[in-house]
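Take a look at the model below. We will walk through a few of its contacts, one by one.

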Amino acid sequence: MERQPTEPVVSLRGGTASLGSRPVLRGVDLTVRRGEVVALLGANGSGKSTAVRAVVGQVPLSAGELELFGTPHRSFKEWARIGYVPQRTTAASGVPATVREVVSAGRLARTKLGWPRRADREAVVRALELVGMADRIKDPVAALSGGQHQRVLIARALAAEPELLIMDEPMAGVDLANQAVLADAVREQVAAGTTVLLVLHELGPLEPLIDRAVVLRDGCVVHDGPPPEAVGQHALPGHDHVHPHAGPAAEPIRTGLLT
Amino acid sequence: MDILDLAFMQRALLAALLVGVTAPAIGIYLVQRRQALMGDGIGHVALTGVGLGFLLNTSPVWMATAVSVAGAVAMELIRWFGRTRGDLALSMLFYGGMAGGVMLMSLSANGSNANLMTYLFGSIVTVSPSDITTMCVLAAFVVVVTLGLRRQLFAVCQDEEFARVTGLPVRLLNLLIAVTAAVTVTVAMRAVGLLLVSALMVIPVAAAQQIARSFATTFALAAALGVLVSLAGTTTSYYADVPAGATIVLMAIVLFVVFTALAAPLARRRARSTTAAAEERCTLEVPEARAPADDVRVV
């Protein structure tokens with residue numbers, strides 16, 4: 001399929017934001033066009049997470065303009081067009097919940113305050129099939145591994161059948177086998193025409209999918225173009241790299257550097 | 001069944017039923033949001049409403065509802081806009097509410113210490129017919145909100161940031177949780193008292209989540225446990241002549257301990273029945289340590 005990367009889906013111009021008194025974004029330009037897969041790269045503290053959280057309206061911009069699907073952010077209402085995968089938090093909620101219950105929460109972008117119909121329940125199952133977790137639909141999320149939990153969070157974002165998928169470090173703390181499954185799921189979405197914006201610490205198994213990489217350093221864009229080569233990626237300033245040498249079924253060694 | 005022939009016991013048991021359903025129904029969302037003690041805070045604030053009711057000679061239950069709703073909304077606002085010292089602002093609200101209640105009560109003509117005690121620790125057998133009407137109306141509101149919007153409230157309490165990005169009216173839903181919690185406090189006030197209200201919101205949920213695997217099961221089981229201990233506690237208090245509120249709460253704690261003890265063997269049985277793979281032992285052979293390529297030894 002020939003992609004026509006023309007219409008901007010995300011358009012952030014001169015975005016600045018601060019957390020407390022510390023400026024985190026200092027005039028960031030970020031454009032994602034329909035059908036593109038854009039990776040946001042950078043060292044810890046470079047502002048890449050803040051940038052995507054600003055795009056989904058969870059960090060207020062102190063200056064700059066943000067448009068989503070051509071609509072100014074303030075008047076944007078069609079949130080069902082965006083599937084959001086927040087950075088995974090290890091703190092599980094106090095009350096048990098099944099995989100189905102968590103993924104169904106993503107479908108609320110379509111059902112809002114109404115009751116779910118049959119099509120909504122089917123969309124939840126389909127989203128779980130996409131990430132290969134349909135057989136765990138009745139299991140409590142507390143019983144899942146880190147990688148499986150991440151797949152469930154991606155299914156939750158896919159349940160609304162979004163046009164734009166925004167993921168914050170989807171591969172952090174995910175073992176290689178689960179990374180491969182996640183990459184396949186993203187590849188299917190991209191093939192179906194979904195636009196993807198994702199924060200990555202390193203390109204990893206998603207590398208062949210990525211059309212464009214935006215590299216942030218100290219809240220400024222220092223690169224916007226084709227993804228850096230493996231050597232260039234390693235040469236990024238402040239790049240700390242942990243090679244998961246363990247077998248495919250094992251979790252990578254958690255040094256705390258990747259989080 | 002002689003206890004069911006007594007009008008005051010009929011009202012007491014009906015009140016217990018309403019409290020048993022509503023307190024865990026809203027409590028589950030507070031527990032999920034890690035605000036288990038919010039009910040406690042609202043209970044403190046509600047006492048000012050009770051005092052105001054006595055002072056102005058109006059219904060203490062309705063005044064308590066009004067004041068605790070205002071207090072709950074204030075707490076929610078502090079959570080939104082509050083910076084680092086939100087906990088201090090909340091404690092001002094809690095202790096101010098408690099002190100205000102005691103002060104207003106002492107200023108009013110018929111606000112004796114005995115009256116104060118019935119609101120602090122509950123007095124389920126003195127529930128009047130008009131109290132019951134009020135409680136039914138308030139309990140209906142709580143049930144409609146907590147059941148009708150359970151998917152939305154679950155999403156908000158499970159992952160607030162994600163819920164905001166789905167476009168749900170998260171602030172409105174958070175306010176609704178606060179208001180519903182406040183209404184529940186006043187429903188439960190006559191039964192278990194303002195100081196023990198939070199127990200019925202939290203303990204049945206804590207017990208249910210020891211063995212439940214889904215949110216829906218936790219919800220249903222917590223409500224069932226709430227009704228069980230409320231009815232059993234009220235009945236016991238009649239026969240044994242002990243305070244109903246304390247009996248209900250102690251029974252709930254016993255149930256929590258029993259469920260916690262059941263949790264471990266139950267989890268083991270589930271593990272056995274669901275995963276046959278667990279029977280398979282490791283079959284991989286561990287390779288022997290490889291000699292370094294440049295097998296240099298110090299002689």
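Predicted model: local features only at pLDDT ≥ 70, side-chain atom pairs only at ≥ 80, totals over all residues.

A salt bridge here is a side-chain nitrogen of Lys or Arg within 4 Å of a carboxyl oxygen of Asp or Glu. Over all chains, the count comes to 23 salt bridges.

Helices (H or I, at least four residues) and strands (E, at least two) are DSSP runs, numbered from the N terminus.

Now cross between the chains. Helix 2 (residues 99–111) of chain A packs against helix 7 (residues 150–158) of chain B at an angle of about 105°, with axes 9 Å apart. The two helices are therefore roughly perpendicular (65 to 115 degrees). Helix 2 of chain A brings E101(A), V102(A), A105(A) and L108(A) to the contact. Helix 7 of chain B brings R151(B), Q152(B), F154(B), A155(B) and Q158(B). Contact means heavy atoms within 4.5 Å.

Next, stay in chain B. The axes of helix 1 (residues 7–32) and helix 10 (residues 197–211) come within 7 Å and cross at roughly 70°. This pair of chain B is therefore roughly perpendicular too. Among the residues that meet are V19(B) and A23(B) in helix 1, and L200(B) and M201(B) in helix 10.

Finally, find M103(B) in helix 4 (residues 86–107) of chain B.

Residues are numbered from 1 along each chain, and chains are lettered from A in the order written. Local features need pLDDT of at least 70, side-chain atom pairs 80 or more, and side-chain values use heavy atoms, without hydrogens and water.

Technical notes:
Axes fitted to C-alpha atoms, helices over the stretch in contact; angles between N-to-C directions. Parallel < 35°, antiparallel > 145°, perpendicular 65-115°, else oblique.
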